[in-house]
Each structure stands twice: as C-alpha cells, then as structure tokens.
Amino acid sequence: FLYAGLMITPDGRVKTLEFNCRMGDPETQPIMMRLKSNLTQVLLSATRAELDRVSLDWDPRVALGVVLAAAGYPLNPRKGDAITGLPADAADRMVFHAGTSGSAEAVQVSGGRVLCVTALAETVALAQHRAYEVVDGIHFDGMQHRRDIGYRAL
C-alpha cells in the first residue's frame with residue numbers, strides 16, 4: 001500500500017512530502033474500510049505470484065478517518081491515560097487502534113497516534129459527520145485531533 005503525502009501550493013503545484021507503505025498508517029485504514037475482498041486471500045495470491053488472477057471488490061462509499069493523538073504528540077506523547085467511550089464497530093464505522101494497550105475493559109494510551117476513527121457514507125459530508133460523531137463520544141486526557149478532515153472535498 002503506497003501512500004503519497006502531497007502538499008499543493010496556492011498556485012496549484014504539487015510537492016511530494018513523503019511516501020509511506022505500511023499497513024498501520026492512518027492513510028491505509030480508510031482504504032481498508034472500503035475493501036470488501038478477503039485481504040488474506042489477496043496477500044496469499046501475492047506470495048504465489050498470482051495477483052493477475054485477483055479481482056478486488058470495493059465498497060463504492062466514501063471513507064474518512066480522523067486520528068486521535070495523545071497529549072504531547074508528536075514530540076513527547078504521554079502514555080497511560082485511560083480511554084473511554086469506545087463504540088462497538090459497525091458496518092459504517094470502525095475505530096482502528098494504533099497506540100493503545102490493555103484489555104477490552106481498560107484501554108489505555110500507549111503511543112502518539114492513538115486511534116483512527118473511520119466512517120463510511122455515500123458522501124464526504126456524511127462520512128465526516130459520522131466520524132466526528134464517534135470522535136465526540138471518545139475521551140482520554142489530553143486527546144487532540146483535527147476538526148478539518150475532509151473539508152477540502154466538501
């Protein structure tokens with residue numbers, strides 16, 4: 001999975017900031033929400049050099065992800081804060097854990113980028129609304145996140 005971090009200048013020029021190719025990045029998680037194919041089977045096909053026989057099935061809806069970060073992120077993220085308000089996953093929303101530890105009963109912050117709240121919907125506006133609705137129900141001390149995810153597409 002290749003993600004290109006781009007910056008678009010006011011005059012429309014595109015500058016590449018970075019390339020990432022890791023499954024755990026918050027850029028990957030909304031994509032995974034849209035994948036309807038069995039990822040294990042796709043990866044097995046890749047190891048057997050049979051990707052030319054694979055057809056991926058994608059959910060046509062928009063996916064939008066909002067990262068929740070720890071206090072002090074990015075330079076000195078605080079660890080150990082209790083996380084509350086985590087919802088059960090649903091067909092149109094999922095909370096991906098990145099910097100968490102503990103058990104289902106007591107989840108704690110253990111890293112900088114803690115969670116990625118991801119939602120699916122027919123439009124960017126509705127996906128954004130659903131994601132922030134979940135974000136607003138989650139709490140941990142010092143939680144920080146952006147409130148502008150998806151605004152350019154509205």
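Accessible areas here come from the Shrake-Rupley method with a 1.4 Å probe, and for residues only the protein chains shown count as cover. By that method the protein has an accessible surface of about 9,600 Å². Carbon and sulfur atoms hold 54% of it.

This is a predicted model, in which local features need pLDDT of at least 70, side-chain atom pairs count only at pLDDT 80 or more, and totals for chains, interfaces and linings use all residues. Residues are numbered from 1 along each chain as its sequence is written, and side-chain values use heavy atoms, with hydrogens and water left out.

## Overall picture

The protein has three helices and eight strands. Both are DSSP runs, numbered from the N terminus: helices are H or I with at least four residues, strands are E with at least two. Along the sequence the order is β-β-α-α-β-β-β-β-β-β-α. The C-alpha trace spans about 50 × 45 × 30 Å along its principal axes.

How much of the protein is buried? Of the 154 residues, 31% are buried. Buried means under 20% relative accessible area, exposed means over 50%, and partly exposed lies in between (1.4 Å probe, protein chains only).

Contacts are counted when heavy atoms come within 4.5 Å. Take the contacts between residues at least 6 apart in sequence: 59% of them join residues at least 24 apart.

Q128 sits in helix α3, residues 124-135. Its relative accessible area is 15%, so Q128 is buried. Leaving out residues up to four places away in sequence, Q128 touches L64, I149, G150, Y151 and L154.

S45 belongs to helix α2, residues 39-47. S45 counts as buried because its relative accessibility is 12%. With residues up to four places away in sequence again left out, S45 touches E50, L51 and V54.

## Backbone exceptions

Most residues other than glycine have a negative phi, and most peptide bonds are trans. Which residue has a positive phi although it is not a glycine? A49 does, at about 60°. A49 lies in the loop between α2 and β3. Its relative accessibility is 68%, so A49 counts as exposed.

The peptide bond from Y73 to P74 is cis, with omega near 10°. P74 is in the loop between β3 (62-69) and β4 (82-83).

## A nonpolar surface patch

L6, I8 and V14 form a nonpolar patch on the surface. Together they have about 300 Å² of accessible area. Patches are made of residues with over 30% relative accessible area and no salt bridge; like charges are joined within 9 Å, and nonpolar side chains (Val, Leu, Ile, Met, Phe, Trp, Tyr) within 5 Å. V14 lies in strand β2, residues 14-20. V14 is exposed, at 52% relative accessible area.

## Charges and salt bridges

The protein carries 16 positive and 17 negative charges, and their mean positions are 4 Å apart. Lys and Arg count as positive and Asp and Glu as negative, while His and the chain ends are not counted. Each charge is placed at NZ of Lys, CZ of Arg, CG of Asp or CD of Glu.

A salt bridge is a side-chain nitrogen of Lys or Arg within 4 Å of a carboxyl oxygen of Asp or Glu. The count comes to seven salt bridges. The table gives some of them.

| Salt bridge | N to O distance |
|---|---|
| D92 and R130 | 3.5 Å |
| R147 and D136 | 2.9 Å |
| R146 and D148 | 2.8 Å |

What does the pair D92 and R130 tie together? D92 lies in the loop between β4 and β5 (93-97) and R130 in helix α3, so the pair ties together parts that are 38 residues apart in sequence. D92 is partly exposed, at 22% relative accessibility. R130 is partly exposed too, with a relative accessible area of 23%.

In the bridge between R147 and D136, both residues lie in the segment after α3, 11 residues apart. R147 is partly exposed, with a relative accessible area of 49%. D136 is exposed, at 53%.

R146 and D148 also pair up. R146 is exposed, with a relative accessible area of 52%. D148 counts as partly exposed, at 29% relative accessibility.
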